Amino acid sequence: MSYPGYPQQAGGYPPQPGMYPPQAGGYPPQAGGYPPQAGGYPPQAGGYPPQAGGYPPQAGGYPPQAGGYPPQAGGYPPQAGGYPPQGAGGYPAMPPAGSWGGGPTGGYPAMGLDNMSYPGYAPGQMPAYPKVPSPNPSMPGYGGGGAMPVAPAMNVMCGASLGGLLCAGTDEQAIIELLGSRSVKQRVPMLRSYKTAYGKDLIKDLHSELSGDFRKLVMLMLKSPSQLDVYELYTAIKGAGTDEACLIEILSSRSNAEIKEIARLYKQEYKKTLEDHIQGDTSGHFRRLLISLAQGNRDERPNVDVSLAKQDAQALYAAGENMVGTDESKFNAILCARSKPHLRAVFQEYQQMSGRDIEKSIVREMSGNLESGMLAVVKCIKNTPGYFAERLYKAMKGAGTKDSTLMRIMVTRSEVDMLDIRQEYVRTYGKSLYTDISGDTSGDYKKLLLKLCGGSD
Ligand SMILES: [Ca+2]
């Protein structure tokens, strides 16, 4: 998700003047990696146009709230034609605790719209939607130009027309078009506009009309990014077994601000903290890794101190390859606290000093969940789109499909770095992501996933 940070990480990848010196063989810019590419995430002109009827002040509805949908530093960036019209009657009030996800059961049908929260729009909270994640420009709905649709993006009408579709019998194709060609910031408000127009709960109605993986995907697409992460984390911990890879995926790829928002919302939804749940369901050094990441406290300063990078590389070597046994705590401290640009320099130093890739050393020194967790952290730091391409590939390869992983990544990355992921995918696996999704899924579920993918490569 977002969002902050990707891809505009100052001091990120590749090295910048005055920072960690580029070296032969160092940090090769990879196709599809950082930095953002032409055509990747074009700024939008006139995105989210204010529309008549868009967010009308209504009696009893959308009470203006101090700071209800404030222009925040680093928050929702003002855009030409900004979204939404500020001021009285602006955005729906942040409802009280409770909520989405139906409480601890996590079941969909119990969701109450009235309790739905809009964490991203919360007063004074994290900048949940900074730097507007542009919709995947190749989504058909965006005409390939990256610009948001101007005319058809009326959320109220979307909700209403979705209601019309449901009233007239379920038209899956229309649902695919409606949800698949709109950004999450356009989709989520449909819930409220639907309720306003019909006095019914869109989630419940869709849940009873749809089924299978298509329904699951539609449900995920109607959550805000933070809600989705919270739901996925909860399910990963409290569902049957523990989906360790999901925990690591989310906690190692989100920014500090995102993780803090996740923690806040998690507590609100489930009455216990994410940390409590991690404590209860994991153990040992793997638990420590997750809890460290869940602090959302990684150094986010952009600068790289080369001498400190050398020291950290030596410390990692001393804590692993150069001792009998392994000092896992040292790995944990460096991998969870240091900044991403710094760690890229550390990994480079480590390679030069030890003649071995840090990933290889982790495989040699650790095992089980700790090994896969630390590897994921390293891969995500080295090349986030490459990490997600690998996750997608592994979710589909072989017999069967890990649909929960496939859905989660397609929904959470579609407006963040899907184009980069697609490039990494085709570069690494020789086939396009689009082709593999087409071959691995079917029906309406496939059609909607392909909308999120946006196109073939
Ligand atoms: Ca060792």
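These are my notebook entries on one predicted protein model.

**Ground rules.** I am working with a predicted model, where local features need pLDDT of at least 70, side-chain atom pairs count only at pLDDT 80 or more, and totals for chains, interfaces and linings use all residues. Residues are numbered from 1 along each chain as its sequence is written, and side-chain values use heavy atoms, with hydrogens and water left out.

**Overview.** I started with secondary structure and found 21 helices and zero strands in the chain. Helices (H or I, at least four residues) and strands (E, at least two) are DSSP runs, numbered from the N terminus. Next I looked up burial: 55% of the 457 residues are buried (under 20% relative accessible area; exposed is over 50%, partly exposed in between; 1.4 Å probe, protein chains only). I then checked contacts, meaning heavy atoms within 4.5 Å. Among those between residues at least 6 apart in sequence, 76% join residues at least 24 apart.

**Helix H20.** Which residues of H20 are buried? In this helix, residues 433–440, I found Leu433, Asp436 and Ile437. They span an arc of only 100 degrees around the axis, so they sit on the same side of H20; the arc is that of the directions from the helix axis to the C-beta atoms. For Ile437, leaving aside neighbours within four places in sequence, my contact list reads Met396, Leu406, Met410, Lys446, Leu449, Leu450 and Cys453.

**Rings.** I found nine aromatic pairs. Rings of Phe, Tyr and Trp (its six-membered ring) pair if their centres lie within 6.5 Å; planes under 30 degrees apart are stacked, over 60 edge-to-face, and the rest tilted. Tyr387 and Phe388 have ring centres 5.1 Å apart and planes at 70 degrees, so I logged the pair as edge-to-face. Tyr387 is buried at 4% relative accessibility, and Phe388 is buried at 0%. Elsewhere, ring pairs link Tyr234, Tyr266 and Tyr270 into a cluster.
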